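Welcome! Take a look at the structure first, then try each task before reading on.

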Amino acid sequence: MVVELSKRFALVCSTRVAHFGSKMGIDIKKHHVKKGNRTAPKSEDPYLLLLVKLYRFLARRTDSAFNKAILHRLFLSKINRPPISLSRIVKETANATDRDSKIIVTVGTVTDDVRLLEVPKLTVAALRFTQSAKERILKAGGEVLTLDQLALRAPTGSNTILLRGKRNTREAVKHFGMGPHKHKKPYTISKGRKFERARGRRKSRGFKV
């Protein structure tokens with residue numbers, strides 16, 4: 001019995017060597033490397049977890065890439081779910097055909113923009129709205145929806161426009177890579193008379209050495 005097993009093992013090994021070559025082993029570089037993609041949100045917000053449960057079901061049971069995209073975006077961190085302003089929504093959907101009948105969807109916060117003087121009639125679905133953004137959309141005769149209401153209205157994402165905010169417009173990003181001749185925003189203690197004014201370097205700033 002043992003002899004028979006050892007013969008079989010030798011036969012298998014010889015065929016594997018013939019197929020793959022003599023060098024076999026563990027892929028050290030990619031061995032036990034975990035995927036970086038999230039499979040669930042880190043947040044413990046019960047409302048967010050209910051949305052995840054809903055869109056996990058929809059992504060599994062429908063053949064819709066829209067639901068898979070929404071589910072993935074629900075997993076993301078807050079930095080990767082940047083807010084989007086009303087003016088950006090209006091700008092991005094300006095050339096959309098029949099915008100009034102479509103639902104604009106964003107997995108994040110919709111904020112107001114005082115520079116936008118007139119808000120058109122919009123139907124917007126988002127995770128949350130700021131108070132002033134919500135008031136302006138409703139005043140223009142539009143509609144604000146939560147993502148669970150969206151699931152009832154458009155379970156496969158038909159007749160929707162999916163948007164997201166710009167990630168690198170955060171204040172912190174303006175300071176990244178600070179150095180000489182990098183044209184990045186310096187961290188200053190204050191903007192007063194005594195701070196960051198190059199005193200001693202030119203006469204217009206007190207004196208020149």
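**Exercise 1.** Which kind of contact do the side chains of Glu143 and Arg153 meet in?

*Solution.* Please keep in mind that this is a predicted model.
- Step 1: The side chains of Glu143 and Arg153 meet in a salt bridge, at 2.7 Å from N to O.
- Step 2: Glu143 belongs to strand β4 (residues 143–145) and Arg153 to helix α6 (residues 147–153), so their pairing ties together parts that are 10 residues apart in sequence.
- Step 3: Glu143 is partly exposed, with a relative accessible area of 31%, and Arg153 also counts as partly exposed, at 46%.

**Exercise 2.** Find how many helices and strands the protein has, and in what pattern they follow one another.

*Solution.* 
- Step 1: The secondary structure comes to six helices and five strands.
- Step 2: Along the sequence, these elements follow the pattern α-α-α-β-α-β-β-α-β-α-β.
- Step 3: As for burial, 29% of the 209 residues in the protein are buried.

**Exercise 3.** Work out where Arg88 and Glu92 lie and how they are linked.

*Solution.* 
- Step 1: Both residues sit in helix α4 (residues 86–92).
- Step 2: Arg88 and Glu92 are four residues apart, which is about one turn of the helix.
- Step 3: Arg88 forms a salt bridge with Glu92, and the closest N and O atoms are 3.1 Å apart.
- Step 4: Arg88 counts as partly exposed because its relative accessibility is 27%, and Glu92 is partly exposed with 44%.

**Exercise 4.** Trace the network that includes Glu171.

*Solution.* 
- Step 1: Start with the salt bridge between Glu171 and Lys174, whose closest N and O atoms are 3.9 Å apart.
- Step 2: Glu171 is partly exposed at 41% relative accessibility, and Lys174 is partly exposed at 43%.
- Step 3: Salt bridges that share partners join Glu171, Lys174 and Lys185 into one network.
- Step 4: To place this in context, the structure holds six salt bridges.

**Exercise 5.** Is Ser85 buried or exposed? Which side chain does the side chain of Ser85 make a polar contact with?

*Solution.* 
- Step 1: Locate Ser85 in strand β1 (residues 84–85).
- Step 2: The relative accessible area of Ser85 is 17%, so this residue is buried, the cut-off being under 20%.
- Step 3: The side chain of Ser85 makes a polar contact with the side chain of Ser87, at 3.0 Å.

**Exercise 6.** Identify the residues that form a positive surface patch, then look at Lys203.

*Solution.* 
- Step 1: The patch is formed by Lys191, Arg197, Arg201, Arg202, Lys203, Arg205 and Lys208.
- Step 2: Lys203 lies in the segment after β5 (160–163).
- Step 3: With a relative accessible area of 71%, Lys203 is exposed, the cut-off for that being over 50%.

Technical notes
Residues are numbered from 1 along each chain as its sequence is written. This is a predicted model: local features need pLDDT of at least 70, side-chain atom pairs count only at pLDDT 80 or more; totals for chains, interfaces and linings use all residues. Side-chain values use heavy atoms; hydrogens and water are left out. Patches are made of residues with over 30% relative accessible area and no salt bridge: like charges are joined within 9 Å, nonpolar side chains (Val, Leu, Ile, Met, Phe, Trp, Tyr) within 5 Å. Accessible areas come from the Shrake-Rupley method with a 1.4 Å probe; for residues, only the protein chains shown count as cover. A salt bridge is a side-chain nitrogen of Lys or Arg within 4 Å of a carboxyl oxygen of Asp or Glu. Lys and Arg count as positive and Asp and Glu as negative; His and the chain ends are not counted. The place of a charge is taken as NZ of Lys, CZ of Arg, CG of Asp or CD of Glu. Helices (H or I, at least four residues) and strands (E, at least two) are DSSP runs, numbered from the N terminus. Buried means under 20% relative accessible area, exposed over 50%, partly exposed in between (1.4 Å probe, protein chains only). A polar contact is a pair of N or O atoms within 3.5 Å; within protein, one must be able to donate a hydrogen and the other to accept it, and residues adjacent in sequence count only if both atoms are side-chain atoms.
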